[in-house]
Amino acid sequence: MSRFILFMFLSSLSANAQALYPDDPVEFEPKPVSVTEVAKRKLSDYYDLVRNTLDTPGQLNRNASKPVRAQAVNTLGEPMQGAWWVKRHYYKPMTLDELVAGPGKDHPPAPQGSWTVVGAKNEGITPGFVILDGKNELYFIKFDPLSQPEMATGADQVAIRLVHALGYHVPENYLVEFSEETLVLGKDVTLADRLGRRRPMTRRDLTEILLKVPKNSHGRYRATASRAIPGTGIGPYRYHGTRRDDPNDFVPHEHRRDLRGFAIVSAWIGHDDSRAINTYDALVEENGAKFIRHYILDLGSTFGSGTQRPNSPRSGGEYLFGWKQSAVQLFSLGLAVPYWAKASFPNLPSIGRFEFARFDPERWVPEYPNPAFLNRLPDDEFWAARQIMSFGNEQIHAIVGSAQYSDPKAAEWLAQCLIQRRDKIGRAFYKKVLPIDKFEVRESQLVFEDLSEKADFGAAGPYTIQWFQFDQKTGATTPLPGATGSLLPAQSGPYLVAKIESGSRPNQRVDVTLRLGISSSPTVVGVDRLW
Amino acid sequence: MTKQVIILTLNCLLLLSPPGLGQTRIDAIEQQRSEHQKQLAPEKNTSAEAFLLRLKDEKILERISYGYNGLRAKLGGLVTGGGFALGPEYFREDLARGSVLIRTGAQISFKNYQKADAQFTLPKLLGGKMFVDTRASHRNYPGIGYYGPGPDSSKSGRANYRLEDTALDSAVGISPSRFIKFGGAAGFLAVNVGPGTDDRYASAETLYTPTQAPGIDRQTNFFRYGGFGQFDWRDDPFGPKHGGNYLVQYTRFEDRDLRLHDFNLLDIDLRQHIGFFNRTRVITLRAHTQLTDSRGGQSVPFYLQPMLGGSDDLRGFRPFRFSGNNSLVLNAEYRWEIFSGCDGAIFVDGGKVFSRRGELNFRDLEASAGFGLRFNARNRRFIRMDFGFSHEGFQVWFKFNDLFQQRPLGTAGSQPIW
C-alpha cells in the first residue's frame, strides 16, 4: 500500500492528464481569462452555406478513424456551466411561472410613454425598428409577415422559453402590442434603400413600414421586442473550430456537447435555421474579468415558420442540397418521394408548416450541414433528449400559452406537436444508450432512474451491476470478485466503478464512478455511457 | 480505518500539490487554455468570405442590377434566334414610392437584331384597384424564320424575312379583387416586312407568294383595340405550384392603309398548376388557342398569324415552325424538386395550326416531348434548360425566364412574335 501511495504522490506531480482529479466533477467553467483584444466580426451567410454544403469544415467524426467524444464536459458528462450553457430545468425543475417567464420578464419596453425609433429596416419583406423606450432601454422590434399574422412572433416566444429552459443563453424577447402613435421618430434617423443608400427617415417612411405588417383586430401591431443583449456584440460564432482571439475558447465547437446536443433541441422545435448567422457573441465583464458569452438568436424561424413565410415542407427533412439525395431525385424522376414530402399540415397561418406524424428525430437535419450536429454521438443525443423529456405536458401548454395565439386551435396544435415530437425524441434516443440517470448513493446503495420507464416507454432493465476498483490515475479498473448488485461493496479503494448493464441491450453500458469520502457519503464523480 | 487514512492522505496530497502542474481538473483546463493562448490571433475572414460579405453588405449585385440611377446594361431580351443582345436600359420602379414605373431601353445583337422600347405604368391607381400600362416599341429583326403556311409546311421550306415594326399601345385595367383583372386596350402598329438577311436560307418572298403569305408584298399599318379578362389564383405568379391562371383577350386589327387585313383575334390561354406531395411535385397543364376571324375577302397577314414552335409551346420544333390562321397548343409538364433551387421537368407538347375554326379539335396534333431543368432562387425561376424532341429532331433551349411567360395584358402583347 505504501508503494501505491508513493506512486500516487509522484503521479500527482506530473502534468499529464489523468482519469479523475480530486476536484472532479467540475461544475462551473474555471474563472475566464480576461479577454484583452477581440475583434468584432461578421460572417457571410452565403459563405457559411457553401462551405458547409460543399466542404467539411472542422474535425468531423465521420472522417475520423475513432469518433471524438464530446468535450468541454465534466466527468459526469455534463457541460460545465458558464459562457455557453447553464443547468436549468432538467437539473432543478423550474416552476410554471419560471418557465413562462423564460429568459426575463422584468424588462419589457415601458408601455407608458412613447418609443423613439432610432433605426429602421425597410428592405425586403420583413421590416423592423430599433427603439428606445421611455427608460432609454434599447429594443429590436420584429414583426410577422402580412400573410401569416402571429407566426414568427409566436414561434419566437415559445422557442426562446424552451431553449432558455434547456440551458442556453438567449436574449430577453417580449411580445408587445402597440399603436402607431406610440412611435416617435428620433433625431437624425436614416433609412437605407434597397441599394444601401441612406437618407433621412420621415414619418411617412414609418407609416409605410407599418403598412407591410399585420394589425390585429384592435388595430394594433403585434411584435417581438428583443432587448439588447448586455455587453458588446462581436458577431456570431461558428459551429466548428474556435474563435482565435478568445483565450477561453479552446474546445473546437464541433466537439462541444452543448452544441452537439443542440441538434436534438433544433429537431424538437423545428429550428432548421440553426446556423452560425443566428448566433451571437457578447463581450461582457463580470467579477473583474472580460469574457465572451455565447447566445442563440433569431428563433422566429421555428415551428414551421420561415419568418417571412411558412417554411418549405423540405425543412428538417433534407438539406437544401445533398449529392446523394439530389441524384436519387434526378434519376428517379421524382418517383422516390421523400418521407417529409408526405407530411400533412393543418391550415393554421399562425403556425406555418409544423407537424409530428412524419417527424423523425434521427433523420432531422437543418438547412445545411452543421459540423457540431454531424458530430453528435448517442451520449450527446441522450444528454439533450433527457432534458427535452423533462418538459411535462402541462408545462408545454403553459409555454405555448406565452405566444398568445388568437386562434386556440393554433395553440393546441403547437402544444400537441411539441408533446408528440418530444416523445419521439425520447423513444429514439433512449434506445441508443442505457436510459438511466440521476445516480446517487442512498443507504449504501447505488440508485438511479430509468428514464425510459419513467416516460412510460418501457424499462430498459433489469440491470446488473458489477463493481470494480478504479485507479483514478490510469483509469484502469479491477473487478471486485463477488461484488454485484446495487449495494456498495465493503472492501474497496478510494474509487469504485459500477458497471451497469442490461441483458436486453448487450452493447450498452454505463460506468458510474464513485469517490468514497471519509466523513461524507460516497459521491458520484463520473458517468460514462458506452454503446 | 487504514483504508480511510489512505484515502485522506491521497486526497490531501493531490490537493496540496503545487498548482499549475495538473493536480486538479481546473489546473488541467488552465493548462489547455494556456496552450490555446499561445496560438491566439486576430479573427480574420478568408478572402472568399470577405468578398461575399462585401457583395452582400455593399449590395453590389443589386447595384449592378439597378445600375446608376436606374441606368443599366441589359442583356438579351430579343426574339429567339436573334443572338446575344446588349444595350442600355433605364428602369425605375421606385418613383413616387412605387406608384410609377418607367422603363426604356435599346438592344442590338451580334446578328444586328435591334429593339428599342419604352414603358410607362401606373400600377397602383385607386389603391391598387386600377392600372394603366403604356408601351411603345420599335423592332428591326432582319432574319425571322418562316416555313410557309399551314400544318403541312415543310421543315426544308425554311425561309427568312425582315420584320420591322413600331407600336404604341395603352391598356387600362381594373382589379376588383386580387384574383381578377379586366380592362380594355388600344394601340397603333406600323409594320414593314422585307427580304431576310440570313443568307443560309432563302428570303421568304422568293419562296412564298402573297396568296400563301398574305402581306409579304405590301406594307401596311394597323389600329388595334380590344378587351381582356383574367382570373389568376396561382399561389405565386413567379413560381406557381398550385392554382390557375385563365386569360381571355380579344383584339380587333384594322388595316389602316391597304384595307386588306382587317381581322379579329381571340386569344384564350388556360393554365392549371396541380401541386402534390406538399407541392414538391407539380403538374402544369396549359391549353392555348388563338383564333382569327377575317371576313369579306380580308386576310390575316402572315406575320400576325398565330405561330407555333419554340421554347414556349412546341419545344421539339424550331421557332415559328408552324403558322396559320388559328392555332391550338396543349402542354403538360411534370416538375419535381431535385434539390432546393432546382427542379426537374418532363413535358409533352401537342399543337397545330389550322385554317378553319371548325378544326379546333385534338386531331392531327404535332407532338414533342422532352425534359429539362429549372433553376430558381426564392421560388423565382431564373434559368431553364429544355431538351425537346420531335419527329423533326431535337431542340435545346436555354432561357432566362420561366415557362409560358405571360405577355402584357392588352393589345401590346398581341403580336405572335414577341
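**Domains of chain B**

In this predicted model, the C-alpha centres of domain 2 and domain 3 of chain B are 25 Å apart. The domain assignment places domain 2 of chain B at residues 46-128 and domain 3 at 142-413, with domain 1 covering 2-37.

Where domain 2 of chain B meets domain 3 of chain B, seven residues of domain 2 are in contact with eight residues of domain 3. The domain 2 side of this contact consists of one nonpolar, five polar and one charged residues.

**Domains of chain A**

For chain A, the domain assignment gives domain 1 (20-432) and domain 2 (436-530). The centres of these two domains of chain A, taken over C-alpha atoms, are separated by 37 Å.

The contact between them involves 13 residues of domain 1 of chain A and 12 residues of domain 2 of chain A. On the domain 1 side, helix 9 (378-388) and helix 11 of chain A are the elements that give two or more residues. Helix 9 of chain A gives the most, with three residues. By class, the domain 1 side divides into six nonpolar, three polar and four charged residues.

**Helix 6 and helix 11 of chain A**

Helix 11 of chain A (residues 408-429) also packs against helix 6 of chain A (residues 257-269): their axes come within 9 Å and cross at roughly 145°. The crossing of helix 6 and helix 11 of chain A is right-handed.

From helix 6 of chain A, Ile264(A), Ala267(A) and Trp268(A) take part, meeting Arg421(A), Arg422(A), Ile425(A) and Phe429(A) of helix 11 of chain A. Five residues of this contact are nonpolar, two are charged and none is polar.

Key. Residues are numbered from 1 along each chain as its sequence is written. Chains are lettered from A and ligands numbered from 1 in the order in which they are written. This is a predicted model: local features need pLDDT of at least 70, side-chain atom pairs count only at pLDDT 80 or more; totals for chains, interfaces and linings use all residues. Axes are lines fitted to C-alpha atoms, for helices over the stretch in contact, and angles run from 0 to 180 degrees between N-to-C directions. Helices (H or I, at least four residues) and strands (E, at least two) are DSSP runs, numbered from the N terminus. A crossing is left-handed if the near helix is turned anticlockwise from the far one by less than a right angle, and right-handed if clockwise. Two residues are in contact if their C-beta atoms, placed from the backbone, lie within 7 Å. Ala, Val, Leu, Ile, Met, Phe, Trp, Tyr, Cys and Pro count as nonpolar, Asp, Glu, Lys and Arg as charged, and the others, Gly among them, as polar. Domain bounds come from an automatic or database domain assignment.
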